Amino acid sequence: LRKLVAEGEEIEYSIEPKFDGSSIALLYENDVLVRAATRGDGTEGEDITLNAKMISNIPQKVNFSQFGISKIELRGEVVIEHGVFKKLNEDREKEDLKTFENSRNTASGSLRMKDPNEVAKRGLEAFIYQVGYLIDMDGNDILSSKFKGQSDILAWLGNLGFQIPKDETAVFDTVQEVIDFCFGWQEKRDNYNYEIDGMVIKLNDIRLQNLVGHTAHHPR
């Protein structure tokens, strides 16, 4: 990263958990949730709008227009809390049904169920952690001008009522602090309420994110 940014440029690193669930994208137009999709192959996913509306902590209407926003795509992860997953399996055992192997596959499979009412019984939750794009009333993408950093996006989403990672996140300006934080979470991981694959480290500054760009496969 330091090779890609100007010499002397200050770098902040934003850290958040990499939830082990099922990735989703939520599209809001004129304050209303109009579409939800799985990540699929990264270009095309499955439409899961009706099922996503059964997840209690995904708001179906949000006052984005107060910020001059006409269209916004949010990205996140659908997960099942450990206690909820345990109770699901206990109930299935009582009914002589096959138990679920893990919460990640259960979350993913639940999003693809035919009956949205059955989805509502699975106890799914969504953590939202990213804005994909943000369009103003004139059709301009204003994501880069609206926020300075990834940490600002998380705080904004939380204030709007979305579930976001909080105590699990941090912003540092040295790599050693990042390493220490990650090792600290390695110790906490087994007692955390949700499955995680580890931690994600991002450039906090959105301007710098755009500057360093992407490879053909992923953000640098």
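Three residues of helix α7 are buried: V178, F181 and W185. Keep in mind that this is a predicted model. Where do the buried residues of α7 lie around its axis? Looking down that axis, you would find them within an arc of 65 degrees, so they line one face of the helix.

The face of α7 turned away from the buried side carries F183, Q186 and E187, which are exposed. What covers the buried residues of α7? The cover includes three strands, β1 (13-19), β6 (170-172) and β7 (196-203). As for its length, α7 has 14 residues (175-188) and reaches 20 Å from its first C-alpha to its last, close to the 20 Å expected at 1.5 Å a residue.

In soluble globular proteins, nonpolar side chains tend to be buried together. Here, the largest nonpolar core has 39 residues, and Y28, F64 and L74 have the most contacts inside it. Several elements each supply at least two residues of this core, among them the strands β2 (22-29) and β4 (69-79) and the helices α2 (82-94) and α6 (150-159). Strand β5 gives the largest share of this core, 5 residues.

Setting aside its neighbours within four places in sequence, F64 is in contact with Y28, D31, I69, I72, L74, W156, L160 and F162.

| Nonpolar core | Size | Residues include |
|---|---|---|
| Largest | 39 residues | Y28, F64, L74 |

**The whole protein**

Now let us step back. The protein has 8 helices and 7 strands, and its C-alpha atoms fill a box of roughly 65 × 45 × 35 Å along the principal axes. With 220 residues, a compact globule would have a radius of gyration near 17 Å, and the 19 Å of this protein agrees with that.

How much of the protein is buried? Buried residues make up 44% of the 220. The protein exposes about 12600 Å², and carbon and sulfur atoms supply 46% of that area. Finally, among contacts between residues at least 6 apart in sequence, 72% join residues at least 24 apart.

Terms used
Residues numbered from 1 in each chain as written. Predicted model: local features only at pLDDT ≥ 70, side-chain atom pairs only at ≥ 80, totals over all residues. Heavy atoms only, no water. Helix = DSSP H or I, 4+ residues; strand = E, 2+ residues; numbered from the N terminus. Expected span 1.5 Å × (residues − 1). Buried < 20%, exposed > 50% of the residue type's maximum accessible area, 1.4 Å probe, protein only. Arc of directions from axis to C-beta. Contact = heavy atoms within 4.5 Å. Core = buried A, V, L, I, M, F, W, Y, C linked by side-chain atoms within 4.5 Å. Rg over C-alpha atoms; globule rule 2.2 N^0.38 Å. Areas by Shrake-Rupley, 256 points an atom, 1.4 Å probe, with all protein chains shown as cover.
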